[in-house]
Amino acid sequence: MSTQTASLGFNRTGIGTSPTAAKQMIEGTSEFPPDAPRDESVIGLVRAESAREASTLGNGGTLGSVPPPMSVKGVVKTAAQAIKGARPTQFIDKLGERLAFERSGVRLYEALISKFQTHGGFTGGPDLAQLEENMREEHEHFQLLTDVITRMGGDPTVMTPSADLHATMTKGIMEVMVDPRTTFAQCLEALLVVELADNDCWDALVDMAREAGDEPTITAFEGALKEEADHLEDVRAWVAAAQSRTDLQ
Ligand SMILES: [Fe+2]
Ligand SMILES: [Fe+2]
């Protein structure tokens, strides 16, 4: 059984492990003060300087740009409507973000399934079929987004600025999943972060699809949001079970 229960052991990361060495270390801070000429506000100045330097590089120091549609001729009429929406560039940016996130979501579930197969589950946790079903749905969402972007004349392989942002934000999640020391239950906590973000982002995509007024896309996105809500409910319950508490949501 793999739960969140931490075991007692000889953890030496805290200062209390060695009061004598801790005292000497604190004394050392007066003997060897920081050699920077001013206080920590200098760090802010360095960051501002880095931002100025970045603004002279490609894309004016931003995370990138959204390319124009590949071919207006190839755009399906109904989807062309979406391009005429209030904020077409932002829509494409967010579609690209979710596509990349869903693709990563499949890989995260694959890693989680490996963890499950290695460590086993726990009472109140998921079984293999539930994990596989969620993974399949993440893949279907990825395919849905690929289709929508293509119908809009976009290139689904583009790393949009928002896709870049989310890839950086979620880097630590995959590290948790593939770390051989983490338990299955700990990986479910990481998955909870993913599903929380996924829910809010699909909610935003549904709003943007409504603004664009493309009915088939609205319906498909509402379906994806419903599935993401189910994922979130599942993962919350599994995490609660791993911590031996009742999920009162
Ligand atoms: Fe998802
Ligand atoms: Fe999900």
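Modeller: Donors are N, O and S atoms within 2.8 Å of the metal (3.2 Å for Na, K and Ca), and water is not among the atoms, so sites may look incomplete. This is a predicted model, in which local features need pLDDT of at least 70 and side-chain atom pairs count only at pLDDT 80 or more, while totals for chains, interfaces and linings use all residues. Residues are numbered from 1 along each chain, chains are lettered from A and ligands numbered from 1 in the order written, and side-chain values use heavy atoms, without hydrogens or water.

Biologist: Which glutamate coordinates both the iron ion (ligand 2) and the iron ion (ligand 1)?

Modeller: The protein donors of the iron ion (ligand 2) come from Glu138, Glu195, Glu228 and His231, at 2.0 to 2.7 Å. The two iron ions are 3.4 Å apart, and the residue that coordinates both is glutamate 138.

Biologist: Are glutamate 228 and histidine 231 buried or exposed?

Modeller: Both sit in helix H9 (residues 215–242), 3 residues apart, and are therefore separated by about one helical turn; helices here are DSSP runs (H or I, at least four residues). Buried means under 20% relative accessible area, exposed over 50%, and partly exposed in between (1.4 Å probe, protein chains only). Because glutamate 228 has 0% and histidine 231 has 1% relative accessibility, both count as buried.

Biologist: At roughly what angle do the axes of helix H4 and helix H6 cross?

Modeller: Axes are lines fitted to C-alpha atoms over the stretch in contact (heavy atoms within 4.5 Å), with angles from 0 to 180 degrees between N-to-C directions. The axes of H4 (residues 88–119) and H6 (residues 161–169) come within 7 Å and cross at roughly 35 degrees.

Note on methods. Helices (H or I, at least four residues) and strands (E, at least two) are DSSP runs, numbered from the N terminus.
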